[in-house]
Amino acid sequence: MAAHRCGPLKQQNKAHKGGRHRGRGSAQRDNKGRVELKVLCKRVRKHLSRLDQRHRANQLRKQKKEAVLAEKRQLGRKDGPPHQVLVVPLHSRISLPEAFRLLQDEDLGTVHLNERGSTHSFMLLCPRLKHRCFFTSARPGDLHTVLDLAKVADTILFLLDPLEGWDSTGDYCLSCLFAQGLPTYTLAVRGLSALPPKKQVDVRKKLSKAVEKRFPEDKLLLLDTQQEAGVLLRQLANQKQRHLAFRDRRAYLFAHVADFVPGEESNLVGTLKISGYVRGRTLNVNRLLHIVGHGDFQIKQIDAPMDPFSLNPTVSKSSKEPTMAMEVVAADAVTDMEEDLKVLMKADPDRQESLQTEVIPDPMEGEQTWPTEEELNEANDFLKQSSKVVKKVPKGTSNYQAEWILDEGDESSGEGDEYDNIQHEDFMEEEDSQDESSGKEEEYETMTVGESVHDDLYDEQLDEEAEQKMLEKYKEERLQEMFPDEMDTPRDVAARIRFQKYRGLKSFRTSPWDPKENLPRDYARIFQFQNFTNTRKNIFKEVEEDGAEGAEVGWYVTIHVSEVPVSVIEYFRQGAPLIVFSLLPYEQKMSVLNMVVSRNPGNAEPVKAKEELIFHCGFRRFRASPLFSQHTAADKHKFQRFLTADAALVVTVYAPITFPPAAVLLFKQKSNGMHSLVATGHLLSVDPDRMVIKRVVLSGHPFKIFTKMAVVRYMFFNREDVMWFKPVELRTKWGRRGHIKEPLGTHGHMKCSFDGKLKSQDTVLMNLYKRVFPKWTYDPHVPEPIPWVKNEASIVPEMDVE
């Protein structure tokens, strides 16, 4: 019998670690009475059996189902607000009035029409479904109205074309709605029955494949007959709701009726009465109210009128005695009048939040006093005496040579503010769109003309000045990409004066920089949190656990808003929607908002920093001039002169405090009055201490190259500038590092030493840094854009064709 022999893969066990083994007594002696820390765990983990785990999973599943069913039963029922549906046609061939005519059938329920200008809406009461729906829409091309209505809509009904689904206009609208955040949505195809029966199956398959790119795993419903309209209504009533975080923590309201009562002092300011259903959260009368597009206001009182769209209206039953029936009707009328006059609550002046948005700066807070006349006279006398200086100079020095022997501390730094504002000056392209030109376009729209006539019309509409400005911006953006942050040293101004606000840093990442240093005066007007994250967490916790009195969700109320300008009611009477949001604590105060955005791929025009843009931030809409900076995790962030397309950037702007999460959309107003989507993103934080650092790179060229020494020229043009910037470190484009040894001559040549030998084609660079701040250009009033229709080539204004 052969003996066993181990193979090459024999198991090697780990060797035992020898050493001194301590017992309990020696460990206690070494610890000298110290006891280990006991960790108290809030949640006691219980080891459940497999059967108990199954029971617990069933209970959690049942609780979630009950919560979903309770939400469905509340929305659109008698105890909840009506189901608000926003109808958005995604193709120009879709007729919105025909779709509304199908939904307004008497067999489906009772219809209450409400037409105001360009906004068409109606209420549909369905007794069979025990559901009530409020359908709204916006005029084609009014993008801001669509976005505002989507902020308060429970469901968005997209109407698709059977052949193409959506056109370029609909695709642009979908991009904006997806960036803002979509609530529950439903897809309906309009006009499929008009096609031949043989083509309907193929068209529906192609449309389903096209829709999967935008709406994966969503069913397409039809809307061509009354029966299909009934199926669509049942789908809307039983659909699971999606939540938007920014509106679930705030009370909001869509105005069905609005009235204006002028004030006693002036007819331009008065009390605005807004009637509608409370949604989201309980509406507190002491909280501030934000009217989208108009600003923040205070609530005077809240009334509780009778619900005009009740599912179960009070009807007097027929009785054998007619006198009894008349008495019941009269009693109901009296009670209705009493309900109309019922006041729910009035604002408490002691508990009501103030409208203060800015801090009133105190000019004497800097612990400095203004000098008196005697002190000024003494200072002038001292300056006159110190103007005559006695110096020790080498023997044989002339008066001219003695004038050049100066201390560096005696040189005046001068004022460089005007030179800092010379470069990167923002400009606004201002041009009014004329009605005559749109009329000409309408005249020639359907005519067959020659090619030369089209060219002449195209040249007439071309603005040469705007084209020249756009060409300059394209050149600046191209130069910034090729030579980032590089700047030519001015010849007419000393570099130590032009760049006196800049400093050199040993390392941009690790060098210290105090965030409270040299703040502008606008920082004295803003509010700042000691810990923004904790404050936000505490406020959200109070909202979740808040049991304060107020108008409950689903109540039909009338809100009295005080000190409202008359322009708000004129805006409402023209057909625009009136939407209000209740503000959380501190959300009316100004601060510095930081938003992470990405460039919209469909927009290729250069967007410069500090250029005025239109913001949709959560429920707010305003105009401001932002800064762009890199999105990094460091304490200093590099300033970007243009909105780049390859990476996400952080937008910094002065605006009212808003607690994230909140979606952000950036629009740019063109010279013809239309608004184009520039970038989309989300709100990052409210932090004035976030430092945006602007970099300037001065370049020089090696003139004479030695082993590790080189003579550099064209970075400076006088001897004093070389001595001024001598402590700043140098670097080259090919990775060498060095510093200035001494100046040579009086024309800016300097001797520099490096850590290796330079190449003749290398470039010597000097990095200078300065902290920059945004401009205070916040404006809550956004002008209405020209309605657009987006074609494949461009976006053109929509014309009214009679």
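Q: What is the relative accessible area of Glu517?
A: Buried means under 20% relative accessible area, exposed over 50%, and partly exposed in between, with a 1.4 Å probe and protein chains only. By that definition Glu517 is partly exposed, because its relative accessible area is 27%.

This is a predicted model, in which local features need pLDDT of at least 70 and side-chain atom pairs count only at pLDDT 80 or more, whereas totals for chains, interfaces and linings use all residues. Residues are numbered from 1 along each chain as its sequence is written, and side-chain values use heavy atoms, with hydrogens and water left out.

Q: Which residue meets Glu517 in a salt bridge?
A: A salt bridge is a side-chain nitrogen of Lys or Arg within 4 Å of a carboxyl oxygen of Asp or Glu. For Glu517, the N to O distance is 2.8 Å, and the partner is Arg503.

Q: How many residues apart are Arg496 and Asp721?
A: Their side chains meet in a salt bridge at 2.9 Å, N to O, and Arg496 is buried, as is Asp721. The pair links distant parts of the chain, with a separation in residues of 225.

Q: How far from the sulfur of Cys173 is the nearest cysteine sulfur?
A: A disulfide is a pair of cysteine sulfur atoms within 2.5 Å, and the structure holds zero disulfides. Cys173 is in none, and the nearest cysteine sulfur, that of Cys176, lies at a distance of 6.7 Å.

Q: What is the relative accessible area of Cys176?
A: Cys176, like Cys173, is in no disulfide. Cys176 counts as buried, because its relative accessible area is 0%.

Methods
Helices (H or I, at least four residues) and strands (E, at least two) are DSSP runs, numbered from the N terminus.
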